[in-house]
Structure formats: C-alpha cells, structure tokens
Amino acid sequence: MLNYVLKRIGQTVFTAFLATATVFVLLRMAPGDPAANYAPPNPTSAQLEAIRQQFGLDQSIPVQFLTFLQHLFQGDVGTSFFFKRPALEVVMERLPYTVTLAVAAIVVTAVVAIPLGVWMARRANTAKELGANIATIAGQSMPDFWIGFVLLIVFAVNLGIFSPAGFTSASSIVLPTVTIAILQIALISRLVRREMVVNLAAPYLTVARSRGISERALTWRYAFGNSAIPVVTALGTRFAAMLNGVVIVEVVFKWPGVGELVVNALKQRDFPLIQATVLVTVLLALVVQLLVDLLYPLMDPRVRLGEASA
Amino acid sequence: MTTSTPGLSPDLSQVPGSILGRDSAVTRVLLRRSAAARRARYSTIKIWVGAVCAGLVVLPVALAQVLPLPDPIVGALSESSLPPFSAGHLFGTDPNGRDLLSRVLHGGQTSLVIGVLAIVVSGLVGIAAGAAAGYFGGWVDAIVSRLLEAQMSLPLLLMLLLVVALFGPSIPVITLVIAFAQWPEPARITRALVLVEREKPYVAAARVLGLHRVSIIARHVIPNVLQQVLVVVLLLLAQAVLLESALSFLGAGVQRPYPTWGGIISDGRELFVTGKWWLVTIPGIVIALLVVGVNLVGDGLRDRVRRAKGDQS
Amino acid sequence: MSVLEVKDLRVELMTGGSVVRAVDGVSFHVDEGETVTIIGESGSGKSTTAMAILRLLPDDLAVISGEARIGGQDVTGSRAVIDTLRGRAVALIPQDPMTALNPIRTVGRQMAEAVRVKYPKLSKAEAKKRALSLMEQVHIRNPAKQFDAYPHQLSGGMLQRVLIAMAVSADADLIVADEPTSALDVTVQAGILDLLLELQEQTGIALLLITHDLGVARLMSDRIHVMKSGTFVEGGPVTDVVDHPQHPYTQKLLGAIPELGPWHDPALDAPTLVKEASHG
C-alpha cells in the first residue's frame, strides 16, 4: 500500500513537471515579443533589449529552463511581468475564489444529480423518463459561456437580482455556480442512471428481492450502494478537472479566480504568471485525483490498491 | 405410472417468431408497453428529433452561399444594432450594421468544417491507436496507455490556447488542436472492445490460417467493433463544435474568412448589459440546437447498437 | 393442500424480436416434505417457470397467465401477494453463488438482514445470534470469522451454503432451488446436495428443484417432470421415469449419459467404411 502511494506521488510530480516543461517551451516558442507589452509606446530596440534582460528572456531556452528550475527548488516561480510581484503570490491570492466556485458547483451537482439519476433509473423506459433523458442531453449540449450570458441577461440585467459582474457580494456566486452545475448535473445524473440500471438488473439484486427485501432497501442499500462507487469517483475527477476548466465561466462572470488570471496572462505574455498558474492548478488537480483513487478501496471491499483491477 | 403427452406438446423450435393469437395473454396494449417496445420507440424518437434539430442548423449553413443573404462582413451603419425580426434582418444586426443571420450561417460553415475534420482525424488516429494497443498489447499498449493517462492530467484548455497562440488560429491548426483533445475517447473504447474481440475464436482461426496480424485487425477485428466506435465518434462532433466555439470565444478562433460562432458571441460580449441581448443569445441557440441534435442522434444510435449487440449474446 | 400448486401456467416473454412463449401450460404440485424436480436442457423454460412463480420476472417483459398457488394463495395476480410471501413462506436458492450476494456488504450483515425479514422485531444482537446458528446448521466452519467476511473472499461452495442458510432463515414452507449446483465444482456438489437432503429431513420443507443434471435429479427427487420447449413431456415418480422412460425425448435425454465400458465406434458398423478402413 505504501509502495502504491509512493509510486502515485512520484507519477504526480512527474506529470506536473512534464506539464510545466511543456508550457515553458511552448511559451518561448510562441511568436511575438513579450517585452513589447511592457515597454512604453514606440520603444527603441535598446529599451526592448533592456526589458528582455530584465525578464531574463535574452538567454537561450535551455539556460532559461535551468534557471527556472533552480529558482523553483527555492520555492520561487518567478516574478510576474505584469504585477511585478512573485507570481506564486498572485496565483495563491486568486486560488481560493476558483476553489470556492468548484466546491459550490460540485456540491450542487451532487445534491441534484444523484436523486435525479436514481429517479431516472427507477423509471427507465417510461415516457416521463424520456423527457428527463432528453433534458439531460440538452443540458450537456449548451456551451457554458452561452448559459452564463443567458442567465446574466435574464437575472442580472432584466430582473436585477444578481450583480452582472465580479464578486460583489455573497450572492454573486449563484449564477456562475448554476452555469457550471447545469452541465455537470446532466453528465452525472446520466452516469447515476446508467449505473443504477445495471445494478437494478444484477443477479444479486434479484436474489435479494427473492429474500423479501423491500424495494426501497433494494434501491438504496443495494443498487445505489454499488452505484455510488463510480459516481463518487466521477465527482472527484470532475472536481479536479474543474480547477482548470472553469476558465470560461470565470471570464463570462468576471469572477476573480485563477482562470480569468491566466487568460489575461496569456494575452499579456506574462510567462511567470502562466507558469505559476499551470503548476499550481495541475498539482492541485493531481492531488485531488490521487485522494479520490485512495478513497476507492474504502468504498469497494473487492479492490486492493496496487493490484490490477478487473 | 408415468404420464406422457407425445403428440400434444407443440415443438416450439419449429415455430419461429411471434405466436400471438393462439390464446395468448399478450394484448396489444401490454406489448406496446413492454420494455423492449418502449426502448425501440424511444431510440427512434431520439434519432428523429435529433436529426430534425441538427438538420435545422446544418441545411441553412450548408446553403449559406446560395441563400439570399446580406454580406456578412460589410454592414450598413444606418442599420446598426437592430433587434431580431427587424425588416430584412431576421436575427437583427450588430453595431457595425452587419446582418446576424448571415454572419451566423457563414461562420457556421467554418465551424462545421472544423468539427467534421476534427472528428475524422481524431477518429482515425484514435481507432488505429486503440486497436493496436488492444490487439498487440505489450509495449505498444504500454505507450498508448501512458499517453492516454498523461493527457488526462494536463490542463487541456490552456495547452490548446498556447498552441493556437503559437501557430496562429487557422483552420488546420484549430482542427488539429481539437483532434488532439479528442483522440483519447475513440482510442480508449476501441482498445477496450478490441481486447475483448481478441479472445474470440475467429481471431485464433484467422491466425491459424496464416493471416498477417495487421490484416486480421483491419479486415476482421475492426469492422466488428466499428459500429459502437462510430457512434462515439459521432458524439464527438458535438463536443468538437462546443470546443471550437469555446476556443473562438476566448479569442483563439478562426477569424478569416468569417468569424465562427464563438467569435460572434465574443464580439457581442460587452454589449448585452446595454440590452442588445441577441448578439450573444442567438448564435448560442444555433450552437445548442446543432449540438443537441447530434447528441440525440448519437444517443439514439447508441441505444440501437447496444440492443443489437445485446440480442446477439 | 399442496404447498405449491401450479395449473396451466403460461409465461410469454415480450422480447425485442417477438413474443416467445417460454412456458406453455405446465401443471404440477409439490407437497410438504417432498422434492419435485423439473429437468430439461437449457432453453426448455424450467428456470423461467421457477422465476415466474416467484414473480422475479419484470412485468414489462413477462406476461403470466394461469394459476400458481403457494400455501393456497394465488401469486399470479397482484404483486402484493408474493411480496408478503417472499423470504417468509417461500425462498430461493440461486444458480450462481458468486454473483448472488451484494458485493459491498459483509456476509453476516446480509444474513442478519434476511433473518429480520421474517422476524423484524429481533434486535441486532439477536439477529446476529440466529444468523450464526444458521451458518452452523449448514456446516460452515468458523462462522464467526465468515460473518465479517465479504462475498468475494469466500469460495463458491461456502457462498452456496450461506445462500442455503438464508433460505432456511425464512422458515419457509417451500424452497425453490434453481440449479443450485450447476456453478460449483463436482467435488463440492455432493456436499451441497447432502446438505439440502439433511435440511429437508430436519424441517420437512417442500423443495422444487430445477436442474439439467440427471444424476442430481435421481439423487434428490421424489417426483420428476421432464420439460422441453415450454411444456412437460413426461412426469412421475423418479424411479419410474428414469428406469422406464416412455417419451422419445426422455429416452434421448437418458441416453445422453455416458456409460462406462469398452469403446464402441458406431462408424465401424457401416460396411463401406469398414471396407475402406481395411484397405487403408
């Protein structure tokens, strides 16, 4: 078991390193001179050269990378070109906003999608369920930025209930959360339905029914107990993905999180900031994924870590 | 004393198919309400509704050059920011006076081309990689599986934005970028299906006959799994359109000859606060309609294929 | 009154392709203390008969007509009747023990749960005690340890004993055993069958046995029905049917048992082949 954990930690570090290195190289290969973004208008080549030196961009790529690694081991990911502060600091300031949004979205998803999925499974192949089925397909078919705008137009602009942008009050989290949750609820409820249908038709359930176990116990204690495992795993994986994936929603709602930060950083070619964001979010996502995987044997007694699963 | 009824028991093996009518308790109503009949009915409904939705988008887009539409690039400032259903502008106009319907249809051509190309590429690559990994196992499988794992943990949207910034937002670049994002799905499912097919007796028989391995895969194994994989690939078209619109919304989309749907929405982004809701809403409806249509068709087909495979076993 | 009384039972399955008449008018009865076996090949409809009587077939798949009475009550109508009988008056021993239990709960908790279906007023401790004693009754070694085990940790034979214990816990009048030994190793089968016989002797329970194995039928049954394509082609006391089969199908079925003795190649009876063979 310890071996497995160590191996996974090693994989996590390696993947984070790989992502960072890839981004590093890609950034420096992109056309356009970042120094131009930080120079006064109509800069002279001397001014540009000075800025490049200041940012360390005049060195060759391998040298830059080594310098970067050197600083990384000292806990320094570089200084943001734009904010002129340690990039890591800037990212960590924004991280709680993104995490809060992701947590809110996943909680709402779980609370709505699970009962919905169970309901859909119990009534599988009925007319009512067909409607819900089509609705969930619709839910995963709408672009998230469009949902965001529609919600904003209806609730913020026309009805004035929520603020149209930014984090102005506690209720500002409602619309972005709903936007994210619509897609996730559609996906997760369909997963719940699939798993429940399989379990409701499984031999052990029929045998339990023959023992006189009540339908309610069969649905929840038997079928759902077994369905919960892949569902919890999926929720964890989606949460990890959300940490990187809420970029669009943050942009639409001007939510002061990491996603909005990185989109602007890309426009401004703020290398250290982009680097820091990638590093932090990838690490966080991998750690969450690792925790989810470690949780698995607690839920399913048939699985032992480190062994090949069936 | 044993009892035996030799002549009276009908040999059901001689009576194929339905035997309704001979004092059967199965009424028309019961049959219509049966699980099997319902499943068939609902998958058909899904496929038709989906086809209509998708068709409502695809047909006008495909005919964009032929339809009598105003110029999508040059607009008349006198007709700036008109709401939908204004004279001559079904979807309204943007601040530059450009007709929204025309922009949506022309931009849609690019979006659709990118989407279709992307799934063709990701489908081919994914099926080939998955089949190789599933059939050969060993180091081939190890490499493919590691690649699949690594890709899962990378921040995809960021990477895609970076690559587009690197190589420029052209149709080939965006297509390849989306294909790269999508190849894991067909690869994974092909690999899983091929792993199962590999153990079947006909594969062993083909080996004994001396068929070359690649020939076995291409001519026998893949065709057997193709139906299920193609449904997945079709569903990827929906995903591709969504991804393309997300990329162009974030500014990394194709701008020439016409901005795609996400780009149009991005252009209208700041304006909805002043009440010009149609610039943001209508292109999104078009995207949603197309994607819902494709997803419904794919889902219905998946039900059909699953039933067909299920009846076989 | 028979424990199980079946009259002209018909089960029609509404599958994707067509309506299949899996069971086409069978009638039989099982009395207290006796074992009645339905024997047939796969696809004969014997398992479907058992499942239909227990109403374990979904209503949007199977249409049941005719009569089936357990303890005098007709179970073919409203589901409310069978709901009161399952786990109390009738119990099932399933075919594949490896997939018959909830994989994420311990064996013991599932046993205790089965006990409490019949006796809901029992406390957790009392239910556990009864479960342990039932496990002893089916000769499970070290029941306390197996109580806390998960199904995947037990062998097929052990799991089948657990399932038998659960069936016994119902204090039922009728046990339906659907091919109880088909999924087990031959060496284990004998033990399970002995256990069933022993339990029947102790409790006087009526047993409806479904099997394709003639040896099992011969060992366990008082009476036997031979089923083919949804109907009974022959029936009666087991010795009569086995020793003097009347119906050609029964004769074929019995002839399918391999006999020990010198090997006789039927091809050698055909004169042309003999000639060719000798000319090599």
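On helix H5 of chain A, the face turned away from the buried side carries the exposed residues Ala127(A), Lys128(A) and Gly131(A) (exposed: 12 or fewer other C-beta atoms within 10 Å of the residue's own; buried: 20 or more; partly exposed: in between; C-beta atoms placed from the backbone). This is a predicted model, in which local features need pLDDT of at least 70 and side-chain atom pairs count only at pLDDT 80 or more, while totals for chains, interfaces and linings use all residues. Residues are numbered from 1 along each chain as its sequence is written, and chains are lettered from A and ligands numbered from 1 in the order in which they are written.

**Helix H5 of chain A**
- Asn133(A), Thr136(A) and Ile137(A) are buried in H5(A).
- These residues lie on the same side of H5(A), because they cover an arc of only 100° around the axis (the arc of the directions from the helix axis to the C-beta atoms).
- The end C-alpha atoms of H5(A) are 19 Å apart, which agrees with the 18 Å that its 13 residues should span at 1.5 Å a residue (expected span: 1.5 Å times one less than the number of residues).

**Helix packing in chain B**
- Helix H2 (residues 35-62) and helix H3 (residues 100-136) of chain B pack with axes 8 Å apart, at an angle of about 105° (axes are lines fitted to C-alpha atoms, for helices over the stretch in contact; angles run from 0 to 180 degrees between N-to-C directions).
- H2(B) is therefore roughly perpendicular to H3(B) (65 to 115 degrees).
- Val58(B), Pro60(B) and Val61(B) of H2(B) meet Leu105(B), Gly108(B), Gln109(B) and Leu112(B) of H3(B).

**Chain interfaces**
- Chain A gives 37 residues and chain B 35 residues to their contact (contact: C-beta atoms, placed from the backbone, within 7 Å).
- The side of chain A that touches chain B has 31 nonpolar, six polar and no charged residues (nonpolar: Ala, Val, Leu, Ile, Met, Phe, Trp, Tyr, Cys and Pro; charged: Asp, Glu, Lys and Arg; polar: the others, Gly among them).
- Between chains C and A, the contact takes 20 residues from chain C and 16 residues from chain A.
- The chain C side of that contact has twelve nonpolar, four polar and four charged residues.

**Chain C overall**
- Chain C has eleven helices and ten strands (DSSP runs, numbered from the N terminus: helices H or I, at least four residues; strands E, at least two).
- Of its 280 residues, 46% count as buried.
- The C-alpha atoms of chain C fill a box of roughly 80 × 45 × 40 Å along the principal axes.

Notes:
Parallel < 35°, antiparallel > 145°, perpendicular 65-115°, else oblique. Contact = placed C-beta atoms within 7 Å.
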